[in-house]
Amino acid sequence: GAMDLLLIIRDAIASSLAGALLTAVQARVTGQTVAVLLTQEALEAAARGSFSWPRELSGPTIRLGIADRAAAQGLPLLGRGAGRQLDAKGLLSHAQRAGVELYACPMWTTLLGLEESLPPELRRLDGSALIDLLRNAGQVVGSL
């Protein structure tokens, strides 16, 4: 079916994932149909690794400030006390609950050997379904 907005995330950067997922949720709130496609290193990080914060956002003052403002909005945190931070990976479930469709890139699922280890939030696509998703999206943000 038609999708208003498709966001493609390829970097394993926590702030990129968070920005895209929170934008997707906001679009859902305004009544848009939204999908997010994870590819390349973002897919690997979601399945088997972790997303890392860029240097400019990883200092303790900024990290704790983000964590506390995120918690105030009901967003998931990772760690506690002085180690707390916004849980970028946890935002996958948050977005899914908000009605955002989350997909794994079929080519990179195969190249990375992730068929058996995709996180439960990510739906598998085959190649033709990916092309349909791209073709039917009103707007595509990001690149494969």
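1. About 30 Å³ of space lies in the largest cavity of this predicted model, and a search of the whole structure returns one cavity of 30 Å³ or more. A cavity here is a set of points, on a 1 Å grid over the protein atoms alone, where a 1.4 Å probe fits but cannot get out, and lining residues have an atom within 4 Å of a point; grid points are joined across faces, edges and corners, and the volume is the space filled by probe spheres set on the points.

2. The lining of the largest cavity is formed by Trp53, Leu57, Arg63, Ile66, Gln85 and Leu86, with α3 (60-72) and β4 (85-86) as the elements that give two or more residues to it. Helices (H or I, at least four residues) and strands (E, at least two) are DSSP runs, numbered from the N terminus.

3. On the basis of the model, residues are numbered from 1 along each chain as its sequence is written, and side-chain values use heavy atoms, with hydrogens and water left out. As this is a predicted model, local features need pLDDT of at least 70 and side-chain atom pairs count only at pLDDT 80 or more, whereas totals for chains, interfaces and linings use all residues.

4. The largest nonpolar core has 35 residues, and those with the most contacts inside it are Leu21, Val36, Leu38 and Phe51; such a core is a set of buried Ala, Val, Leu, Ile, Met, Phe, Trp, Tyr and Cys residues joined through side-chain atoms within 4.5 Å. At least two residues of this core come from each of β1 (3-9), α1 (14-29), β2 (34-38), α2 (40-48), α4 and β5 (101-104), and the largest share, eight residues, is that of α1.

5. Helix α1 has 16 residues and reaches 22 Å from its first C-alpha to its last, close to the 22 Å expected at 1.5 Å a residue, the expected span being 1.5 Å times one less than the number of residues. Its buried residues (under 20% relative accessible area, 1.4 Å probe, protein chains only) are Ala14, Leu17, Ala18, Ala20, Leu21, Ala24, Val25 and Ala27, and what covers them includes β1, β2, β4, α4 and β5. After α1 comes Gly31, whose phi is positive, near 95°.

6. His94, in helix α4 (residues 91-97), is buried, with a relative accessible area of 17%. Leaving aside residues up to four places away in sequence, His94 touches Leu22, Val25 and Leu75, a contact meaning heavy atoms within 4.5 Å.

How values were computed. Buried < 20%, exposed > 50% of the residue type's maximum accessible area, 1.4 Å probe, protein only. 1 Å grid on protein atoms, 1.4 Å probe; cavity = no way out; pocket = protein on both sides within 12 Å on 5 of 7 lines; lining within 4 Å.
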